[in-house]
Amino acid sequence: MTNNIQFYSGENIPLELHKVRVVQKLHLVPVERRLKALQESGFNTFKLNTNDVFLDMLTDSGTNAMSDNQVAAMFRADDAYAGSQSFTRLLKAVQDVLGKEFLLPVHQGRAAENIICRTFIKPGQIVPMNYHFTTALAHITENGGKIAELLCDDALEIQSTNPFKGNIDIHKLEKCIQDHGSENIPFIRMEASTNLIGGQPFSIHNFQQVREIANRHGIMLVLDASLLGENAFLVKQREKEWKNASLAEILKTITGLADLVYFSARKLSSSRGGGICTNNRTLYAKMETLIPLFEGFLTYGGISVREIEAMAVGLYETQDETIIRQSPDSIAFLVNDLQQKGIPVVTPAGVLGCHVDAMSFCKHIPQSEYPAGALAAAFYLISGIRGMERGTISSVRDEQGNEIPSDLELLRLALPRRVFTLSQIKYVSDRMQWLFDNRHLIGGLRFVYEPPVLRFFMGTLTPTSGWPLRLLDKFKEDFGESL
């Protein structure tokens with residue numbers, strides 16, 4: 001049974017089932033300094049320095065809090081270049097938790113994507129998937145492939161009651177295979193959970209259907225398991241057939257359906273690093289030689305052995321519901337609170353973070369002026385909170401240099417595991433409400449420097465008008481000398 005905790009008062013708030021033993025000082029700098037920091041960073045929140053950031057809600061990648069057992073395990077690391085005992089312990093964890101016999105360690109999730117795409121994708125091939133992730137798309141196109149996003153029609157609806165908006169539409173998948181031919185499809189990719197559309201999960205039933213189709217057409221099924229723990233938790237919450245199952249059972253059921261599983265440990269196990277795992281020796285052998293070429297030896301893969309020890313413990317902790325549920329419970333609290341205030345957010349609440357609908361929030365800003373990026377900058381200015389743009393800035397241009405508008409324009413406010421307190425989450429909600437009431441003051445952005453690949457990481461932008469100063473003045477009018 002799910003371990004729900006009710007309050008006698010009737011309040012519905014997440015209760016942390018951990019205690020804080022180590023703290024890190026945060027900085028809430030004055031609003032004038034925040035404007036200066038935005039200008040210095042080219043209105044790109046990725047380029048802000050954490051000396052100027054109060055709550056860092058950019059991502060959960062590598063920012064989840066480690067457990068005491070993970071930190072303790074780092075002290076027993078075996079610093080061998082080859083044949084490290086630390087790797088042996090990690091391999092055992094992969095076998096126990098993910099049910100896969102063979103493991104190729106890599107330094108993080110996008111490194112796994114590089115190895116997989118180099119090995120299996122040929123120019124002109126197409127990869128069906130529930131939805132793309134930025135680095136996955138970049139590696140697929142870099143190797144000459146294309147993607148087919150096969151979500152159900154209602155998956156891109158901001159306000160929805162669909163519990164599994166990350167499902168693949170089975171009819172679209174069948175048609176994709178029929179149109180392109182199974183010989184032109186190196187693999188089907190499923191992402192747990194779909195990062196760019198609000199951290200939405202897929203159901204086990206849907207994954208089983210995808211598996212059946214893959215079997216029928218002889219196509220490999222690949223699982224991006226970076227947010228697998230939270231996807232499994234929402235399966236337990238929302239898929240009635242699994243409500244009495246343990247997270248361990250759900251995790252192995254999902255991974256057991258995939259031929260190849262890869263993950264970012266920065267997410268999955270609250271550490272660093274990543275991995276590719278499989279039960280197929282032939283698939284393993286096809287990728288094996290690329291690990292020493294791009295990553296490191298087969299028993300460290302570019303990862304510190306201390307992090308490998310933390311990975312192993314973190315994988316076992318992924319089976320612990322009290323650890324996994326803390327982030328999605330906190331996300332649901334923030335989503336519900338903002339929704340009650342009339343602020344447009346993606347529903348149902350997913351994983352990774354709370355996603356604010358910038359297209360509705362900033363209806364007056366055309367998509368060509370990047371409303372999600374503008375909202376991210378504006379929210380940092382009035383709160384010191386760093387979120388991430390998940391919209392057209394995170395998209396790409398076509399071969400003629402034209403913008404490919406994103407399906408959604410979202411401001412993602414990530415809630416890493418065990419990092420933020422309830423008072424901090426309430427501060428997020430308070431400042432977002434003020435900004436929503438003053439949203440007419442937010443203006444657009446345009447690129448000043450635009451890298452050709454993954455531009456959202458390194459690009460710089462500038463406002464299309466003097467709106468940041470007007471927003472600052474209104475903040476000072478309402479808040480006075482308050483930070």
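Asp79 is exposed, with a relative accessible area of 54%. In this predicted model, the side chain of Asp79 forms a salt bridge with that of Arg306, at 3.1 Å from N to O. The two residues belong to distant parts of the chain, 227 residues apart: Asp79 sits in the loop between α2 and α3 (85-98), and Arg306 in helix α13 (residues 305-317). Arg306 counts as partly exposed, at 40% relative accessibility.

**Salt bridges**

Side chains of opposite charge can pair when their charged atoms come close. Across the whole structure, a search finds 28 salt bridges.

| Salt bridge | N to O distance |
|---|---|
| Asp79 and Arg306 | 3.1 Å |
| Arg325 and Glu321 | 3.2 Å |
| Asp478 and Lys474 | 3.4 Å |

Asp478 and Lys474 both lie in helix α20 (residues 467-479). They are separated by about one helical turn because they stand four residues apart in that helix. Asp478 counts as partly exposed, at 38% relative accessibility, and Lys474 counts as partly exposed at 23%. Elsewhere, salt bridges with shared partners join Arg397, Glu403, Glu450 and Arg455 into one network.

**The largest pocket**

The largest pocket holds about 1400 Å³ of space. Its lining consists of 38 residues, and those nearest the centre are Val22, Val23, Ala65, Arg418 and Val419. Three elements, β1 (55-56), α2 (68-73) and α14 (321-324), each supply at least two residues of this lining. The largest share comes from α2, which gives three residues. By class, the lining of the largest pocket has 15 nonpolar, 14 polar and nine charged residues.

**The second largest pocket**

About 770 Å³ of space lies in the second largest pocket. It is lined by 26 residues, with Leu137, Thr141, Val396, Arg397 and Ile404 closest to its centre. At least two lining residues come from each of α5 (134-142), β4 (146-149) and α19 (455-458). Among the elements, α5 gives the most, with six residues. The lining of the second largest pocket divides into ten nonpolar, nine polar and seven charged residues.

**Cavities**

A search of the whole structure also finds four cavities of 30 Å³ or more. The largest cavity contains about 100 Å³ of space. Its lining includes Phe43, Asn44, Thr45 and Phe46, along with Gly373, Ala376 and Ala377. Met388, Glu389, Ile393, Phe456 and Leu461 also line the largest cavity. Both α17 (371-383) and β11 (388-390) supply at least two residues of this lining, and α17 gives the most, with three residues. The lining of the largest cavity has eight nonpolar residues, three polar residues and one charged residue.

Methods
Residues numbered from 1 in each chain as written. Predicted model: local features only at pLDDT ≥ 70, side-chain atom pairs only at ≥ 80, totals over all residues. Heavy atoms only, no water. 1 Å grid on protein atoms, 1.4 Å probe; cavity = no way out; pocket = protein on both sides within 12 Å on 5 of 7 lines; lining within 4 Å. Points joined across faces, edges and corners; volume = space filled by probe spheres on them. Nonpolar A, V, L, I, M, F, W, Y, C, P; charged D, E, K, R; others polar. Salt bridge = Lys/Arg side-chain N within 4 Å of Asp/Glu carboxyl O. Buried < 20%, exposed > 50% of the residue type's maximum accessible area, 1.4 Å probe, protein only.
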